[in-house]
Amino acid sequence: MPTRLVAGPCLLVLLIPLSIRAQQPAPASSAPPAAPSTAPTVKVTGYLQARETYQNKVGLTGTINRARVNIEGTLPGHFSWRIQPEYEVPGTAGAKATVSLRDAFVRWNLSSWTVTAGQFKTPFTREFIASIAVIETADRATVVDSLAPKRDIGVMGEYAFGSTGTLALGVFNGEGQNSVNNRDTTVLVVSRGTVRPIPQVSLGANIAYYRADSTRYGFDAAFEQRGLTLKGEYIWEHRKAKSPEDN
């Protein structure tokens, strides 16, 4: 007979920022003001997400749900970079938690244009793009975890239409994070567009096209006004039927 849960989980989230920046020596008082420094900079941040759960006839159970370190910096020529490892509890209770690479990319940004190459989040669904540390719940919605392509290896271009909208288009291996080879030689194409018709409302749409598998779609909307926030997403998947020749 399953045990009865008599107390809900207690969630503790710690956000521990740490920054290390390269700085130029201060100029003498008689010298003219120095131009902005273009020296490379490095910043280190991270957070720890822990839970303590009490269950009848089991007692207290402590869990480190996530422990993440984020190392990022800037380089001359409008370049930046990020490396992000994470210790995360797997989905099954019998498996041990492991450390894996989440982000490893180089980004170039000039005015409204941005190009990113490496392993990073694919531009699909508003909730997945947002950091887990800023969403309102302890975990993302099940549909987002199930259907979002998540992280992958590839290249993506973005363009910002001022403050009114953005458009992103990326081409990825389609094998998921930390899979360095494209085993089936096909690619995953992901695109996302957002628009803000008025300051309080933002709308988004995204599509992920697996040429030999399926196509995934999503729409989202958000309203923010004086501390009130309303958000919603709709995601679905269209699977392609295989012909007898494919078996």
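The following legends describe close-up views of a predicted model.

**View 1. The largest pocket and its lining.**
The largest pocket of the predicted model has a volume of about 990 Å³. It is lined by 42 residues, of which Arg82, Arg107, Lys121, Ile129 and Ser131 are the closest to its centre. Strand β8, which spans residues 151-161, supplies 5 residues, the largest share of the lining. Sorted by class, the lining consists of 16 nonpolar, 15 polar and 11 charged residues. Rolling a probe the size of a water molecule over the atoms shows where empty space is left.

Val115, Val155, Val171 and Val187 make a nonpolar surface patch of about 270 Å². One of these residues, valine 155, has its place in strand β8. Valine 155 counts as partly exposed because its relative accessibility is 42%, a value that lies between the limits of 20% for buried and 50% for exposed residues.

**View 2. The salt bridge between lysine 43 and glutamate 72.**
The structure holds 13 salt bridges, and this view shows the one that lysine 43 forms with glutamate 72. The closest N and O atoms of the pair are 3.7 Å apart. Lysine 43 belongs to strand β3 (residues 41-55) and glutamate 72 to strand β4 (residues 59-75), so that distant parts of the chain, 29 residues apart, are linked. With a relative accessible area of 28%, lysine 43 is partly exposed. Side chains of opposite charge can pair when their charged atoms come close.

**View 3. The salt bridge between arginine 68 and glutamate 86.**
Arginine 68 and glutamate 86 form a salt bridge in which the closest N and O atoms are 2.6 Å apart. Because arginine 68 lies in strand β4 and glutamate 86 in strand β5 (residues 79-88), the pair ties together parts that are 18 residues apart in sequence. Arginine 68 and glutamate 86 are both buried.

A salt bridge joins aspartate 103 to arginine 151, with 2.8 Å between the closest N and O atoms. Aspartate 103 is part of strand β6 (residues 98-110) and arginine 151 is part of strand β8, so the pair ties together parts that are 48 residues apart in sequence. Both residues of this pair, aspartate 103 and arginine 151, are buried. Through salt bridges that share partners, Lys43, Glu72, Arg82, Asp103 and Arg151 are joined into one network. Arg82 is also among the residues closest to the centre of the largest pocket.

**View 4. Two residues with positive phi.**
Threonine 125 is not a glycine, yet its phi is positive, at about 75°. This residue is found in the loop between β7 (113-121) and α1 (126-129). Threonine 125 has a relative accessible area of 0% and is therefore buried. Lysine 150, likewise a residue other than glycine, has a positive phi near 65°. Its position is in the loop between α2 (142-147) and β8. Lysine 150 is partly exposed, with a relative accessible area of 30%.

**View 5. Threonine 166 and serine 112.**
Threonine 166 has its place in strand β9, which covers residues 165-172. A relative accessibility of 36% makes threonine 166 count as partly exposed. Along the chain, threonine 166 and serine 112 are 54 residues apart, while their C-alpha atoms are separated by 9.3 Å.

**View 6. Valine 189 and phenylalanine 172.**
The place of valine 189 is in strand β10, formed by residues 188-198. Valine 189 counts as partly exposed, at 28% relative accessibility. A separation of 6.4 Å lies between the C-alpha atoms of valine 189 and phenylalanine 172, which are 17 residues apart along the chain.

Alanine 138 is located in the loop between α1 and α2. Its relative accessibility is 23%, so alanine 138 counts as partly exposed.

Methods. Residues are numbered from 1 along each chain as its sequence is written. This is a predicted model: local features need pLDDT of at least 70, side-chain atom pairs count only at pLDDT 80 or more; totals for chains, interfaces and linings use all residues. Side-chain values use heavy atoms; hydrogens and water are left out. On a 1 Å grid over the protein atoms alone, a cavity is a set of points where a 1.4 Å probe fits but cannot get out, and a pocket is an open set with protein on both sides within 12 Å along at least five of seven lines; lining residues have an atom within 4 Å of a point. Grid points are joined across faces, edges and corners, and a volume is the space filled by probe spheres set on the points. Helices (H or I, at least four residues) and strands (E, at least two) are DSSP runs, numbered from the N terminus. Ala, Val, Leu, Ile, Met, Phe, Trp, Tyr, Cys and Pro count as nonpolar, Asp, Glu, Lys and Arg as charged, and the others, Gly among them, as polar. Patches are made of residues with over 30% relative accessible area and no salt bridge: like charges are joined within 9 Å, nonpolar side chains (Val, Leu, Ile, Met, Phe, Trp, Tyr) within 5 Å. Accessible areas come from the Shrake-Rupley method with a 1.4 Å probe; for residues, only the protein chains shown count as cover. A salt bridge is a side-chain nitrogen of Lys or Arg within 4 Å of a carboxyl oxygen of Asp or Glu. Buried means under 20% relative accessible area, exposed over 50%, partly exposed in between (1.4 Å probe, protein chains only).
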